[in-house]
Each structure stands twice: as C-alpha cells, then as structure tokens.
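Here are my notes on the salt bridges, as promised. Have a look at the model first, then read on.

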Amino acid sequence: MRTVADQFAETLAAAGVKRIYGIVGDSLNGLTDAIRRQGRIEWLHVRHEEVAAFAAGAEAHLTGELAVCAGSCGPGNLHLINGLFDCHRSRVPVLAVAAQIPSPEIGAGYFQETLPQALFQECSHYCELVSGAGQMPRALEVAIREAVGKRGVAVVVIPGDVALQPAPEVLPPKPAGLLPPRPVVSPARPDLDRLAALLNGAGRVTILCGSGCAGAHDELLALGDRLKAPMVHAMRGKEHVEWDNPFDVGMTGLSGFSSGYYAMLDCDALLMLGTDFPYRQFYPGGSGVRIAQVDVRPEQIGRRAAVDLGVVGDTGATLQALLPLLDQKRDASHLTRAQGHYREARRELDELAKGTPGNGLIHPQQVAKAVSDQAADDAVFTCDVGLPTVWAARYLAMNGRRRLLGSFWHGSMANAMAQAIGAQAACPGRQVVSLSGDGGFTMLMGDLLSLVQLGLPVKVVVFNNGALGFIELEQKSTGFLDFGTELKNPDFAAMAEAVGIRGIRLRDPADVEGGIAAALAHDGPVLVDAVVNRAELAMPPSITLEMAKGFSLYMVKAILSGRVDEVVDLAKTNLWR
C-alpha cells in the first residue's frame, strides 16, 4: 500500500531535497520509513533538533535551495523553534516537518500534546496542520512554494497516523511548478531619475551595503568609481562586498571598524543598498545628510533611518539601470580620506593579532587571523554570536569564494557548530571551519558526536576564555561588575580525543600558527581548544561618553569590592601592549 508518507517523500524528492536533518521518533516513523525505502533522500541523524534546524538553514544559505528538518511530536519539534527563527529571519528557504500526536487525541490533553500550528506561526510564512490524507499533497506543495518563493520557513504539521493512511490518487507534482523562480525587480524610470538626482547633487556620498548586494559585485565597483564613494558593509554584506574592492572601508556597528563608522557619519548623502542594518545610533544624525535606500522589500525602507528617497528594486538590477544616469565625480577627497582611515584601522587591528611567544596569553585576534590566513580559498566559515562574530568581522578575509554564516539577525548562541554540520553536509568537498565561543559550543556540545557519526570533517575552533565574554564586555561598559558569566571549562581537546575527534590545545602564542595549520590539514574532524585571554576587550569603533562612564564606574566598583586583579589584567592586556 502506498501511504501518505510515501507521497510526502516523493514530493520532497521532486522538489530537489537531498537530505533531512532530525531525530527519529514514533510519530515520525511513517515518514522516516518511507525515506528509508525510497532511498533518494538522506536522513542526517543529529543529537538535538535545534541543531537540525540550524543545519538546514546553513544548507539553504549556501545552496539557495530548499532544505528540510524534522522533529517528532511535542518536545521533538519544539526543539526546532529557535533554529527556525534564525532561518526565517535570515530569509533562507527551509521546510520543517513537525510530527503530531495521533489525530483522534488532538485537543484532549494527550501525552506530549502541543499545538505546533500556533507555536510556529511567528517563525514561518506558512504553518498548517494536515488533518487527513486528501489534504496532504496540496498542503505540502503550498508549503514548499511559500518557503522557496518568500525565502523563509514553512511548517507542515502531520499526525503520525495520518502519515500511515493510504495515499490519495493525485497527479504527481512537477518540479517546475513546485519551485517558483525568484523575480528580478527593477525600479520604474522616475524612481531612478530621482535617485540619480540625489546622488549627482551630493558632494560626498557613502554607500552602506548589506546581504542584498549578493551577486552585484561588478555593479558595486562601477558605482564606487562613478561616485568616488567609500563603501561600508554590514555583517551580512561582508561575504559579498569586501573582497577585491578598493572602495570598501570596513564594517560599521559594534563589531566594526572605526573607518566604517566615520565614513557613515562624514558624508552628504548615504546610499543604503540591500541592507536593514538595525543599529540606529550608527546612522548619520544630522539633518544635512540625505539618505536613499534601495531594497527589494518595500516594508524595509525607512525602518532604521529617516530616508529622503526609497526605491524598490534588486540591487544588481537597480544599479545596472542607475549607472548610465550618474555623473562621473572627479573629487575623490572623501574616498581618499576614508581609505586612509581604513588602512590605519586595518594596521591597528593587525597589530592586535600579533602574539608574543612565551607569555602564556593568546590573544583571540591571533587565532582568528591565523584561521583566515591558512584556510582554503573556498572555505566556509561559521561563527557564534558575541566575540567570535567580532573576530570574524575583523579578521576573516573574504575573496568571493569563501562564505560566512552566523546568527546575524536572530543572534542565537550555539549556532556555529550546528551550522557547520549543515554546511559540511551540503558541501562535502569544501573546508568548513566553526569559530565557536566556549559558551555557545558547550550549549549544544552533544552534537560534537555528530561529526564522528556522520563523517563530517568540520574544524571546530573554540575560543576558550572561560567566560561569556561579550556579556562581560556589555556589563563593564555599563558600569556593572561581571556576574554570572564565568564558565568552568574542561580540557576540550582531551574531551574531543575521547570521542574519536582529533584535539589540539593551544596555550601559548608560539603554538597558534602550527596548531591551526595542523587542524586544517587533518583529514577528519578536529577540535582546536584555544585558551585565549579573558581580559581582551573588543572595543567598538566609537566610545561614547556613556560607555566611558560605564568603564570608569566598573573599575571603581571592582577596586572597592577587592577585585583589583581584574583591573590590572584589563590594563595589561588592553593598554600596555
């Protein structure tokens, strides 16, 4: 008998799905058995469903294609929700299969009963309960189209007994109808004329670039040359913008460069391209700066800064149509000044990445730069939130082939290794490196075992500073004594060896280059336990008066409470280098 589960698996295969990340369970048995018998889709058994969702999101990010995760009824699919929020906010096409309790028991307070079709509403474009065999084919097809067409999450909730019902007789889906192509949106000519007039009339133009600039690198270079404009990138724009780009002057925001920060403020006009950069305090505040924003999503325009002109369109298509309308600017002083500032900022950051052998203090910047210098030209990097994101932003060099993933919108801990699992599964021939914080790594540490079980040669670099480092920085900057941030960590390298993964422990700056080289050269998974200096401050590009007061207040409190050693360590690390 051909079941609903068989039909479900056939539809996924027709949509090009190659693998499903999840954990099996009784309510999923019909579907997992159908996948086993079909033999066309791989089941990737992870140790936590949250990892399944993050891994699916990473695959979708890298391939642009539909990725799938699954969880059994109740707690099983509830574990998906944090990763699905990340997928949805990152706008990657992911289908989540949320199994449900037996359909006759729904609404009666049955064992493990939850209401997934309500719970997943906020992190999906589409979320529907399949209540009978006749409903399933259309519901699944709609879910796939919603995820692919709107670039986000769709959830299908299916009771285990419904999956085992006889399949209805319907025509099989056609791939061309399941997978709608992405439209290319080009602005109307009057909008382009208004944008050209704004830019032509401005003396100093700065460009802020986000992930919407993907695929428009040539157009960006032509625009920078035409306007003699420095380009600042947001975190999600880094992998698309900074490489081979003489106009790029770094990133802005808390993780960014001083050069990016000042280029945003020192302009007559700011052009925002495919970005929803959220931190309003980093936008120009003066009334004399005109702001234009280009985005394919109308609802994004004007959300972060008061714009003078909003244009709806894809970045690449908009720039292609705009460039012939722009005057060639001759005065390059604004660009030259920003480039000089960037070179100085880059020099200072590289100085911080130098280690002094024998002093027993590894600066995390040295580890990040060594990874960047030695990783493959097409490496895929993932980074945890907090300090690993700061080091990734400042030290990982992009080149148009490397990729960078993180929880840059949802801001979840524990994303890096989970995303690395999906990245490595989707790209088996590429080098995948996870830059993990010790807090994030230990949160979902059980899936270190998945690297062995699934045969994934991921390189996990753990920045082991024994603390939730970014939280400590936030506490210090606002005048609080650090509290609740300390981590009592084991020897992560020894732990990795115990489960069949090569472990490399770095405790001295002299060991960093060789240790990273050995890890990247190893044919299999590796955990690098980099014991880095806890007292390292990741200073933002601009220090406000409030932050300065906060640090001063922190130091006074630390001294009065007998924690003078903390103040001394901070001074030694950050002032006396």
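This is a predicted model: local features need pLDDT of at least 70, side-chain atom pairs count only at pLDDT 80 or more; totals for chains, interfaces and linings use all residues.

1. Residues are numbered from 1 along each chain as its sequence is written, and side-chain values use heavy atoms, with hydrogens and water left out.

2. The structure contains 28 salt bridges (a side-chain nitrogen of Lys or Arg within 4 Å of a carboxyl oxygen of Asp or Glu). One of them joins arginine 37 to aspartate 6, with 2.9 Å between the closest N and O atoms. Arginine 37 belongs to helix H2 (residues 29–38) and aspartate 6 to helix H1 (residues 4–14), so this pair ties together parts 31 residues apart in sequence. Helices here are DSSP runs (H or I, at least four residues), as are strands (E, at least two), numbered from the N terminus.

3. How accessible are the two partners? Aspartate 6 is buried at 10% relative accessible area, whereas arginine 37 is partly exposed at 45% (buried means under 20%, exposed over 50%, partly exposed in between, with a 1.4 Å probe and protein chains only). Both residues also belong to a salt-bridge network that links Asp6, Asp33, Arg36 and Arg37.

4. Next, please look at arginine 505 and aspartate 491, whose closest N and O atoms are 3.6 Å apart in a salt bridge. This pair links distant parts of the chain, 14 residues apart: arginine 505 is in strand E17 (residues 502–506), and aspartate 491 is in the loop between helix H21 (469–477) and helix H22 (492–498).
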